[in-house]
Amino acid sequence: MPEFAPKPYETRIRTQPETLRFFSAAKNASSDCVISPDGTVESASNQLMETEDFAGCFVTQGLVDLQVNGFAGVDFNQPAITAEQLDVALTEMARTGVTTCLPTVITGSHDAMIETVGNLDAAVAASRLGPLMVAGYHIEGPFLSRKDGFSGAHQSENMSVAKIELVDNLRHAATRPIRIMTVAPEVDGVVELIPQLVALGMHVAIGHSAADQSQISAAVQAGATLSTHLGNGVPLTLHRTDNPIFWQLAEDKLTAMFIPDGIHIPQAALQSMLRAKGIARTIVTTDAVSAAGLETRPGLYRLGKAEISLSEDRTVRKSGSPYLAGSSVTMDKIVRNLVAWYGFSIPQVLEMALRNPTRILSTSAEANIVGQPVKFVEWRQTPHGPQVAKTHIGPFTIQ
Ligand SMILES: [Zn+2]
């Protein structure tokens, strides 16, 4: 493993109320708010300011990442994560503009997945930033396609038919909710399981799936609403039109999650996919692994039981295989990519990186921030696009 020494925590705690002007994605305008020393939003002015031009410095609400397997050398799928390690990962994630995330647990043996979720949840509870940043979990597996090219970095030997008992055991292992479960509709029992997952308050996503059109339609009718890293988790050689990517692109009831890192999907292909889905049905995620972060170096890292390697071009692969194993991209980089590649405005990017994922979390609407812990990012516009200058999360300011 490469030596990785994250920057020491540079957090500041407020000693007196502070007033910040921020751009509200919900109101599409700027507004002033007062933050109390304990990090709660005391009041937000209803008087909207002039339209923000996003030049110089500007403040937005924090970004939301619905799929993150690890960060800054810390693997969320390791069996014994500590609160200190989790705080390292979350502090570094905050430095990339993320204030809310769903740590993601991938396919392992059923016992290992239950243990991983339990340990992760205990680490969240004992950490400083976990209770503020972790809105629940994303479980990706084990009811996925075993087929080569669809399984990706997941352990196909641990994939299984749908079992509600496993879901119940995973739920009971954690005090925070499972918000998203990624499944493959063609796996035995999955279509029947979907309404049960929805009744438990989860969002069901299709991913690592070789489903045909009728199986995808059946999953959508049963309540699936998301596609996980659409365009990936499929073999490089597919039928050119008769494939699960096109069927999911065409299905208006599915909101697609994409990884805009320039590695998972080439820019032009992603542009076509974004046009097919539209901003309203798009969510951007990192699918980051332990190799991600502002200061990680090329070398070997872990994703659960698998060894993964980060190369010079920031691609992460399962060691010894051609398969991508998550990404090393960060959310602030995704913001810059979407602006630079496609000319999206900051409000458009915030729809995909904040508003749409916030809806999935069904946490307090971002329009109603009074009484909630503050989650703001201060950005600085540069010739290379917006860079994160500071992130405010509850009582902490991280830079
Ligand atoms: Zn995946």
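Biologist: What should I know about the model before we start?
Modeller: It is predicted, so local features need pLDDT of at least 70 and side-chain atom pairs count only at pLDDT 80 or more, while totals for chains, interfaces and linings use all residues. Residues are numbered from 1 along each chain as its sequence is written.

Biologist: How many helices and strands does the chain have?
Modeller: The chain has 10 helices and 21 strands. These are DSSP runs numbered from the N terminus, with helices being H or I of at least four residues and strands E of at least two.

Biologist: How much of the chain is buried?
Modeller: Buried residues are 51% of the 399 residues. A residue is buried if 20 or more other C-beta atoms, placed from the backbone, lie within 10 Å of its own, exposed if 12 or fewer, and partly exposed in between.

Biologist: Switching to helices. At what angle do H2 and H4 pack?
Modeller: H2 (residues 110–126) and H4 (residues 164–173) pack at about 20°, and their axes are 8 Å apart. The axes are lines fitted to C-alpha atoms over the stretch in contact, and angles run from 0 to 180 degrees between N-to-C directions. H2 and H4 are therefore roughly parallel; angles under 35 degrees count as that, over 145 as roughly antiparallel, 65 to 115 as roughly perpendicular and the rest as oblique.

Biologist: Which residues meet there?
Modeller: From H2, His110, Met113, Ile114, Val117, Gly118 and Asp121 meet Leu166, Asn169, Leu170 and Ala173 of H4. Contact means that C-beta atoms, placed from the backbone, lie within 7 Å. By class, the contact has 6 nonpolar, 3 polar and 1 charged residues. Ala, Val, Leu, Ile, Met, Phe, Trp, Tyr, Cys and Pro count as nonpolar, Asp, Glu, Lys and Arg as charged, and the others, Gly among them, as polar.

Biologist: And the backbone. Where is the cis peptide bond?
Modeller: The bond from Gly141 to Pro142 is cis, with omega near 0°. Pro142 sits in the loop between strand S10 (137–140) and H4. Most peptide bonds are trans.

Biologist: What is phi of Asp287?
Modeller: Phi of Asp287 is near 55°, a positive value in a residue other than glycine. Asp287 is in the loop between S15 (282–284) and S16 (299–303).

Biologist: Is Asp287 buried or exposed?
Modeller: Asp287 counts as buried because it has 29 C-beta neighbours inside 10 Å.

Biologist: What about Arg314?
Modeller: Arg314 also has a positive phi, about 70°, although it is not a glycine. With 17 other C-beta atoms within 10 Å, Arg314 is partly exposed.

Notes. Two residues are in contact if their C-beta atoms, placed from the backbone, lie within 7 Å.
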